[in-house]
Each structure stands twice: as C-alpha cells, then as structure tokens.
Amino acid sequence: MADDIEVVASEPLLLQERRKSISLMFLRFIGVVLLAVAACYLFISNFNSQTPETEKNSLTLDKQELVNMRPFLKESEVKEEQYLKKVCDLSIGKWIPKAEGPPYTYETCHHVASYTNCLKNGRPDTGFLHWKWQPSGCDLPPFDPLKFLNSMRNKSWAFIGDAIFSNHVDSLLCQLSPVATPDEIYYDGDKTRTWYYPAYNLTIYEIWSPFLLASRTEHGLPYEIHLDRLDGKWTEMYNKYDYIVFSGSQWLYKRIIMYENNEVVGCHFCPDLELNKIDDYVAYRRALQLIFKFITTSEHKPFVIFRTWAPNHWEDGGSPNERICNRTKPFKEGEFSGKSSDLRMRRVEVEEFEKAAAIGARNEVRIELLDIYHLSLLRPDGHPGPYGGHQPVENDCIHWCLPGPIDTWNELLMKVINGDAHEFVPAFL
C-alpha cells in the first residue's frame, strides 16, 4: 500500500517538471527569434545609412568586375576595329551594270587602232560598254583626265611591253582626249612612239619590247632572247622616266631560242630541235629577276608599276582548230578560273613582285602592283573577236576593244599613283 501511494503521488510532480521545461524552451526560442530580428534591423539600418561616398566605394560584384575588365574591353574594341577594317584590294570585286556609256568614241578619239575599233568594224552589240568594275569595299571613281594631267605636269611616263601596252596607251590617250590631245614627237616606223602634251609638259613613251629582254623578233624565224641582257630600248633612257609601267606578255608562249653569255642554253616549243627544253614560266622568272635587280639597284628611282598578266579568252569553235570569242556578257564569279598556263605566269609574277617590293622599300624605290588579271579574266566579251578588222577574218581574243574593259585599267592606275590603292576600308562594305 505504501508503495502504491508513492507511485500515485509522484505522477503529478513529473508532469509539472515537463511543463516547466517546455515553457523554458519556448521562452528561449522566442528570445532567439527576437535577437535575430533585432540584428537584421540593425544591419539594414546601418546599410541604408551609408553616405554616397561610401556607396561609391561599395560597388556590387558586377560593377567591380566591369571596372576591372575595362582595360581588357578597350583592347577588345581595338582588335574588333582592326578586324572590321582591311586593306583595299582593287583586284577583288565584281562587274556591275551601268547606264552611262564610255567618255569617248572612235569618232571623238583618233587614237583607236584599226584592230581594236570593234564598233567601226561592225560589232553589232554595245552591251559590253555598260559595265563598271566595283572593287569589294573600295571606291573606284571614274578616270579624271583633268586631275591626271594636272598632277602629271613636268613628268614623263614609259609604258614598256607588247601590243597590249599599245592597246593600253591608246586607251589612256582616248580618256585624256576630252581635255587635251598630244603631239606625236617620235615614231620609229613600227611600234615605238612618243607623245607629248605641251600645255602640261607631259611626255608618254610607248616602247615596244615584248620580252623586256634583248631579243630578235623577225617573223618567220624562231624568236631569240638573251636571259642575261635587258632590252636597251628602255634601259638606255631609264633616267628620263618618272613613272614606269611594264609587264611580260604572251610572246613567251611562242617558239623561242634562249641565250646566255651569247651561247644557246635552250629553247621553248622546239620539239624538232635537239636543244634543252626551257619552260615559258622559267624564262619569265629569269627575266623578272633580272629586271627587278636592275630597277632596285639603279641610282635613278622612278615610280615603278608592275602590271600583271593579261589573259586571253580563246575558246574552241565549231570546227577543228577554230578558236573563237563571241561572248557578249562578263563571266560570273567562279564561271571561269583561267587557263593553267596563264595562272602559272601570274604565280611567278606575284612571287617575284613581293621579293622585289621588299628590296625596293629598303632601297627607297617604290614598286607597286597594277593587278588587272582577275577583273580582265571576267571579261571575255571585251575582245574584238571577228571585228578586229583583219583580212582574212580572224578571231582576236587577246587585244581589247576601244572603248571597252581595258579603260578600267586606267581607273586602277589613277588609284595606284594617288597612293590610296591600299587604303583601309570597312570590311563589311
């Protein structure tokens, strides 16, 4: 009995102790919550009470990162600006239609040779006259004859090469004809002439030198060239020239016996002769190396312009051995990539030019490239074809109609001599 009484009597005491413990824990929890609320209040109050100067020095992480990155962003902007600009390459572009025609005709200019006077010789279409070369990202204004003549006062020019250079000079004279007409002050009775503009004291030498080397070019015989001697027709008067334009020619594709030290060293296109075979592009490289050595080491330092290879556009006709060029529109980009022989010659030109330009820069000789190959390649419609005035009729697919695409060469020439052929332009234009 006594034990039962003790047990019954102890239950209310345990319950009371548990209630006290629970109450104490609850009070402690409430206290912790109140302390946390108070701490948050004090933190927020302190944050909001910061002065503007304090806030300036308390940037968020994102703002601080931007500050730290600013120099790198500036560098990135510079690189992006450089990326968005590129060197103006006049040789890259496309032919676009134009409404206006050429600034001269064979009736207003009397320097159009008979074999390039396509319209007078009966060519029926005139669409080939209504195209303009538009370089990618470059401005190519029309040829300005007055600007050219004024800038060339008291100067002399030499155009050295084959009949394509005669073609080129005729184009230049015709483009200058709305302003002035030159006097012919020298003619060798064949293909070398000198023109003079007295009002501007400007002299233009047109020098026939198809190989640029010492040579013999009588018809009916294999041509002969000396790989170690330049043609005196242009070197003997070199000191007179302020500007020189020269190029190799398709004469190098002909039957040629080659000499060195006055001894025969080989031949091109001579399967019937027991001579060492020398490829045309090998001979061209030798010629260019000799020419550029002369130019870069000469005491006289004219402005030298190396014009690239002029392509032909002969195509197979309807009968055996017939070659024609009867197209009336430009090629589209990629439609014709060029003949392998022409591409080899152009590769040699670019390689030798780059080496010579570097040497010239060290020797204070300015050498520029007048790159007409690609834009001319796209113009199969620009040749006389059957309208070259030849008797009997022969398709001329190498010379150029005047007026015609060759007039564009002088627009590029103006750009080169004005020094802005390498201007920087936006890449996205």
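The structure is a predicted model, and its secondary structure comes to 10 helices and 17 strands. Of the 429 residues of the chain, 42% count as buried. Among the contacts that join residues at least 6 apart in sequence, 75% link residues that are at least 24 apart.

**The largest pocket**

- The largest pocket holds about 900 Å³ of space, and of the 33 residues that line this pocket, those closest to its centre are Tyr115, Ala163, Trp251, Ile398 and His399.
- Helix H5, strand S6 (193–197) and strand S7 (202–208) each supply at least two residues of the lining of the largest pocket, and the largest share, 4 residues, comes from H5.
- Sorted by class, the lining of the largest pocket has 11 nonpolar, 10 polar and 12 charged residues.

**The second largest pocket**

- The second largest pocket has a volume of about 360 Å³, and of its 23 lining residues, the closest to the centre are Lys98, Gly101, Pro102, Pro103 and Glu411.
- By class, the lining of the second largest pocket has 13 nonpolar, 4 polar and 6 charged residues.

**Asn167, a residue of helix H5**

- Asn167 has its place in helix H5, which covers residues 163–176, and Asn167 counts as buried because its relative accessibility is 0%, where the cut-off for buried is under 20%.
- When its neighbours within four places in sequence are left aside, Asn167 is in contact with Thr116, His399, Trp400, Leu402 and Ile406.

**Thr308, a residue in a loop**

- Thr308 lies in the loop between strand S13 (303–307) and strand S14 (315–316), and Thr308 is buried, since its relative accessible area is 0%.
- The side chain of Thr308 is joined to the side chain of Asp371 by a polar contact of 3.1 Å, and the side chain of Thr308 also reaches the backbone nitrogen of Tyr373 at 3.3 Å.
- Not counting residues up to four places away in sequence, Thr308 touches Ser247, Arg346, Glu349, Leu369, Leu370, Asp371, Ile372 and Tyr373.

- Leu378 is found in the loop between helix H9 (373–377) and helix H10, and Leu378 counts as buried because its relative accessibility is 3%.
- Although Leu378 and Lys94 are 284 residues apart in sequence, their C-alpha atoms are 8.6 Å apart in space.
- Apart from its neighbours within four places in sequence, Leu378 is in contact with Trp95, Trp133, Pro330, Phe331, Lys332 and Glu333.

**Helix H7**

- Helix H7 consists of 18 residues (residues 280–297) and, at 1.5 Å a residue, should span 26 Å, so the 26 Å between its end C-alpha atoms agrees with that expectation.
- The buried residues in H7 are Asp280, Ala283, Tyr284, Ala287, Leu288, Ile291, Phe292, Ile295 and Thr296.

Notes:
Residues are numbered from 1 along each chain as its sequence is written. This is a predicted model: local features need pLDDT of at least 70, side-chain atom pairs count only at pLDDT 80 or more; totals for chains, interfaces and linings use all residues. Side-chain values use heavy atoms; hydrogens and water are left out. Buried means under 20% relative accessible area, exposed over 50%, partly exposed in between (1.4 Å probe, protein chains only). Contact means heavy atoms within 4.5 Å. A polar contact is a pair of N or O atoms within 3.5 Å; within protein, one must be able to donate a hydrogen and the other to accept it, and residues adjacent in sequence count only if both atoms are side-chain atoms. On a 1 Å grid over the protein atoms alone, a cavity is a set of points where a 1.4 Å probe fits but cannot get out, and a pocket is an open set with protein on both sides within 12 Å along at least five of seven lines; lining residues have an atom within 4 Å of a point. Grid points are joined across faces, edges and corners, and a volume is the space filled by probe spheres set on the points. Ala, Val, Leu, Ile, Met, Phe, Trp, Tyr, Cys and Pro count as nonpolar, Asp, Glu, Lys and Arg as charged, and the others, Gly among them, as polar. The expected span of a helix is 1.5 Å times one less than its number of residues.
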